[in-house]
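User: I would like to learn how to read a fold from its coordinates, one feature at a time. Please give the general idea each time, then the case at hand.

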Amino acid sequence: PQCPFPDEYLGDALNNGWFDMVFVQFYNNYCGLNAYPKEFNYYAWDAWAKTQSVNKDVKVFIGAAGSSKAAGSGYVDATTLSTIYDAVRSNYTNLGGIMTWD
């Protein structure tokens, strides 16, 4: 899914299917990594995992553009991504890790 919550196209599947992992695209959207901390909305996905997901232990991954050429917008450098990851990891228990798109 993409980061706007709820996901317009996958909302029903996400709320009714069993998922062990969900890889959320946090780029090319207003709620991407480049909008951290104001509009970055990992909190919404963590809340979904805990309250709406069939599998309350689902892991939500941060989907990041792997380079500035991998996305139209939302790329952040490795240092920024590491800072965001550390903040998310310390505040949200459903974090699975980071996924990159090249």
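User: Is A64 buried or exposed?

Analyst: Burial is read from relative accessible area: buried means under 20%, exposed over 50%, and partly exposed in between, with a 1.4 Å probe and protein chains only. A64 has 1% relative accessibility and therefore counts as buried. This is a predicted model, in which local features need pLDDT of at least 70 and side-chain atom pairs count only at pLDDT 80 or more, while totals for chains, interfaces and linings use all residues. Residues are numbered from 1 along each chain as its sequence is written, and side-chain values use heavy atoms, with hydrogens and water left out.

User: Where does A64 lie, and which residues does A64 touch?

Analyst: Helices (H or I, at least four residues) and strands (E, at least two) are DSSP runs, numbered from the N terminus. A64 belongs to strand 2. Contact means heavy atoms within 4.5 Å. Leaving out residues up to four places away in sequence, A64 is in contact with Y27, L33, L81, I98, M99, T100 and W101. M99 is 35 residues from A64 along the chain, yet their C-alpha atoms are separated by 6.1 Å.

User: How do I read the sheet, and what is its strand order?

Analyst: Two strands pair if DSSP finds at least two bridges between them. Here three strands form an open sheet in the order 1-2-3, and the pairing is parallel. Strand 1 (21–25) and strand 3 (95–101) are the edge strands, each pairing on one side only. For angles, axes are lines fitted to C-alpha atoms, for helices over the stretch in contact, and the values run from 0 to 180 degrees between N-to-C directions. Neighbouring strands of this sheet are turned by 30° against each other on average, with direction ignored.

User: How many bridges join strand 2 to strand 3?

Analyst: Six bridges link strand 2 (residues 59–65) to strand 3, and the two run parallel.

User: Which strands does helix 2 lie across?

Analyst: The approach is to list the strands in contact, then take the angle between axes. Helix 2 (residues 42–51) lies across strand 1, strand 2 and strand 3, and runs at about 155° to strand 2. Helix 3 (residues 78–91) also packs on the sheet, where it touches strand 2 and strand 3, and its direction makes about 155° with that of strand 3.

User: Which residues of helix 2 are buried, and what covers them?

Analyst: Y42, A44, W45, D46, W48 and A49 are buried in helix 2. Their cover includes helix 1, strand 1, strand 2, helix 3 and strand 3. Not counting residues up to four places away in sequence, F5 touches N41, A44, W45, W48 and Q52. At 31% relative accessibility, F5 is partly exposed.

User: How many salt bridges does a search of the whole structure find?

Analyst: A salt bridge is a side-chain nitrogen of Lys or Arg within 4 Å of a carboxyl oxygen of Asp or Glu. The search finds two. In one of them, D46 and K50 meet at 2.8 Å, N to O. These residues are four apart in helix 2, so about one helical turn separates them. D46 is buried, with a relative accessible area of 4%, whereas K50 is partly exposed at 37%.

User: What about R89 and D86?

Analyst: Their side chains form a salt bridge at 3.4 Å, N to O. Both residues are in helix 3, three residues apart, about one turn of the helix. D86 is partly exposed at 37% relative accessibility.
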